[in-house]
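Here are some notes to read alongside the model. They go through the strands, then the helix on them, then the ligand.

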Amino acid sequence: MTSIFEGTLIRLRAREPEDAPLLYQWFNDPEVTEHLAMRYPLSMKSEREFVESVSSPGYAHAGFAVETLAESRLIGGVDLINIRPECRCASLGIAIGDKSFWDGGYGTDTMRTACHFGFAMMNLHRIELEVYANNERARHVYEKVGFVLEGCRRQALYKYGRYQDVLVMSLLEGELRLDHRP
Ligand SMILES: CC(C)(COP(=O)(O)OP(=O)(O)OC[C@H]1O[C@@H](n2cnc3c(N)ncnc32)[C@H](O)[C@@H]1OP(=O)(O)O)[C@@H](O)C(=O)NCCC(=O)NCCS
């Protein structure tokens with residue numbers, strides 16, 4: 001039986017204390033954080049505290065480290081958070097922090113695996129996310145796996161000296177595109 005935690009390229013696992021140094025490196029890299037909410041330098045102390053606080057995935061915060069199937073190499077993270085049980089709704093955040101793995105299909109596979117887990121194991125009905133309007137790569141990935149654009153929070157983001165729109169996208173159960181054809 002195929003593991004629910006595995007896609008074709010990646011595996012989801014719990015975050016471990018040893019992951020903190022790599023996360024510290026990634027989330028202090030302006031190229032990685034350009035399209036993320038982070039804007040201040042991150043200390044190793046706060047990264048260790050973050051990893052400690054999310055190291056036991058559960059219904060309230062289904063947070064995962066993302067590692068390659070090929071070499072079990074840590075390359076990123078994905079989180080289903082802000083769960084609203086009455087509505088069976090969650091918010092999703094993803095970062096492939098290792099830039100050498102960008103554009104290799106790992107983000108797409110992570111999205112498919114995490115959303116499938118959310119629908120099949122957490123009985124979610126709706127997964128939503130926010131994406132900055134100029135994050136073309138992420139928008140393409142989200143659309144590819146089935147997310148639908150449903151709104152625009154006009155000029156909701158101020159970063160790098162200018163305002164930018166923030167797009168709201170969502171995926172309902174049954175809409176996830178698991179096939180790997182373009
Ligand atoms: C966004 C992110 C998750 C995507 O993961 P990834 O592993 O790089 O994505 P994939 O390789 O699976 O897919 C990338 C797709 O975007 C396409 N793409 C790349 N740059 C693009 C651009 N500027 N415009 C449009 N599409 C683009 C690629 O061609 C590929 O599409 P294809 O498979 O149809 O050819 C990852 O790059 C990342 O974590 N970035 C930094 C943090 C971030 O932006 N997180 C999301 C916040 S909402």
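**Notes on the sheet and the ligand site**

1. Start with E6 and E7, which pair in the antiparallel sense over eight bridges. Two strands count as paired if DSSP finds at least two bridges between them. Helices (H or I, at least four residues) and strands (E, at least two) are DSSP runs, numbered from the N terminus. In this pair, Tyr158 sits opposite Tyr163 in E7. The E6 and E7 hairpin has two residues between the strands, and Tyr160 takes a positive phi near 55° there.

2. A word on what you're looking at: this is a predicted model, where local features need pLDDT of at least 70 and side-chain atom pairs count only at pLDDT 80 or more, while totals for chains, interfaces and linings use all residues. Residues are numbered from 1 along each chain as its sequence is written, and side-chain values use heavy atoms, with hydrogens and water left out.

3. Now zoom out. The open sheet has seven strands in the order E1-E2-E3-E4-E5-E7-E6, with mixed pairing. Its edges are E1 (10–13) and E6 (148–159), each pairing on one side only. On average, neighbouring strands are turned by 25° against each other, direction ignored.

4. Elsewhere in the sheet, E3 (residues 74–84) and E4 (residues 89–96) run antiparallel and are joined by seven bridges. Gly76 is opposite Ile96 in E4. Helix H4 (residues 106–121) packs on the sheet, and E1, E2 (62–68), E3, E4, E5 (126–132) and E7 (162–172) are touched by H4; contact means heavy atoms within 4.5 Å. The direction of H4 makes about 155° with that of E4. Axes are lines fitted to C-alpha atoms, for helices over the stretch in contact, and angles run from 0 to 180 degrees between N-to-C directions.

5. One is 2.7 Å from a side-chain N or O atom of His140, and a backbone N or O atom of Gly105 is 2.7 Å from a ligand oxygen. The protein buries 75% of the 960 Å² that the ligand exposes when taken alone, with areas from the Shrake-Rupley method and a 1.4 Å probe.

Definitions and conventions: A polar contact is a pair of N or O atoms within 3.5 Å; within protein, one must be able to donate a hydrogen and the other to accept it, and residues adjacent in sequence count only if both atoms are side-chain atoms.
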